[in-house]
Amino acid sequence: MLEGTVISRSDNLMETHFNDELIALHMGTSKFHMFNTVAQRIWEIVEVPTTMQTLCDRLCDEFEVDMATCKQDVGELIDYLVVENVIVLDNV
C-alpha cells in the first residue's frame, strides 16, 4: 500500500462497544467484526479519511511501536478490512 493511500471507513457499518472491544456489523454482508484496542484506535483515526503515513505516525506516537512494524502490521489489517468491505482505499 502506498503511503499516500487514503483510508476511510465503509458507510455500511453499525458499531457498539462490548467490554474493551468494538463490535461492528456490516449491514451488506451481515458479518460481525471485533476490534481490539489497537484496531479500535485505527477505526477512530480513519473516521476522518487519512493516509497510511499519517495513520502510522499517530499510532507510533501513541503506542510503543517502530514505524516499520507499524506499517507492516497496519497494512495487513487494512488489507483484510478492505477485502471484508469495512475499509475503503483511495489512491491519490
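## Overall fold

The model is predicted. The chain holds three helices and six strands. Their order along the sequence is β-β-β-β-α-β-α-α-β. The radius of gyration is 13 Å, close to the 12 Å that the globule rule gives for 92 residues, so the chain is as compact as a globular protein of that length.

The C-alpha trace spans about 35 × 30 × 20 Å along its principal axes. Contacts also reach across the sequence. Among contacts with a separation of 6 or more, 50% join residues 24 or more positions apart.

## Surface, burial and charge

Of the 92 residues, 36% count as buried. The chain exposes about 5,600 Å². Carbon and sulfur atoms supply 52% of that area.

The chain carries 5 positive and 17 negative charges.

T5 sits in the segment before β1, the strand of residues 6–9. Its relative accessibility is 1%, so T5 counts as buried, the cut-off being under 20%.

Which residues does T5 touch, leaving out those up to four places away in sequence? They are T50, T51, M52, L89, D90 and N91. Of these, M52 falls in helix α2, which covers residues 52–62. L89 and D90 fall in strand β6, which covers residues 87–90.

## Salt bridges: K31 and E84

Side chains of opposite charge can pair when their charged atoms come close. The count of salt bridges here comes to four. One of them joins K31 and E84, with the closest N and O atoms 2.9 Å apart. K31 lies in strand β4 (residues 31–35), while E84 lies in the loop between α3 (67–83) and β6 (87–90), so the pair ties together parts that are 53 residues apart in sequence.

K31 is partly exposed, with a relative accessible area of 39%. E84 counts as buried at 12% relative accessibility.

## Salt bridges: the R41 network

R41, E44 and E62 are linked in a network of salt bridges. R41 meets E44 at 3.0 Å, N to O. These two residues are three apart in helix α1 (residues 37–45), so about one helical turn separates them. R41 also meets E62, at 2.6 Å, N to O. This second pair links distant parts of the chain. E62 is in helix α2 (residues 52–62) and R41 is in helix α1, 21 residues apart.

How exposed are the members of this network? R41 is buried, with a relative accessible area of 18%. E44 is partly exposed, at 41%. E62 is also partly exposed, at 38% relative accessibility.

Most residues other than glycine have a negative phi. Where does N19 lie? N19 is in the loop between β2 (13–18) and β3 (21–26). Phi of N19 is near 55°, a positive value in a residue other than glycine. N19 has a relative accessible area of 67%, so it counts as exposed, the cut-off being over 50%.

S30 also has a positive phi, of about 60°, although it is not a glycine. S30 lies in the loop between β3 and β4. Is S30 buried or exposed? S30 is exposed, with a relative accessible area of 55%.

## A39 in helix α1

A39 belongs to helix α1, the helix that also holds R41 and E44. A39 is buried, with a relative accessible area of 10%.

How far is A39 from G75 in sequence and in space? The two are 36 residues apart in sequence. Their C-alpha atoms are 12 Å apart in space.

Note on methods: Residues numbered from 1 in each chain as written. Predicted model: local features only at pLDDT ≥ 70, side-chain atom pairs only at ≥ 80, totals over all residues. Heavy atoms only, no water. Helix = DSSP H or I, 4+ residues; strand = E, 2+ residues; numbered from the N terminus. Rg over C-alpha atoms; globule rule 2.2 N^0.38 Å. Buried < 20%, exposed > 50% of the residue type's maximum accessible area, 1.4 Å probe, protein only. Contact = heavy atoms within 4.5 Å. Areas by Shrake-Rupley, 256 points an atom, 1.4 Å probe, with all protein chains shown as cover. Lys, Arg positive; Asp, Glu negative; His and termini not counted. Charge placed at Lys NZ, Arg CZ, Asp CG, Glu CD. Salt bridge = Lys/Arg side-chain N within 4 Å of Asp/Glu carboxyl O.
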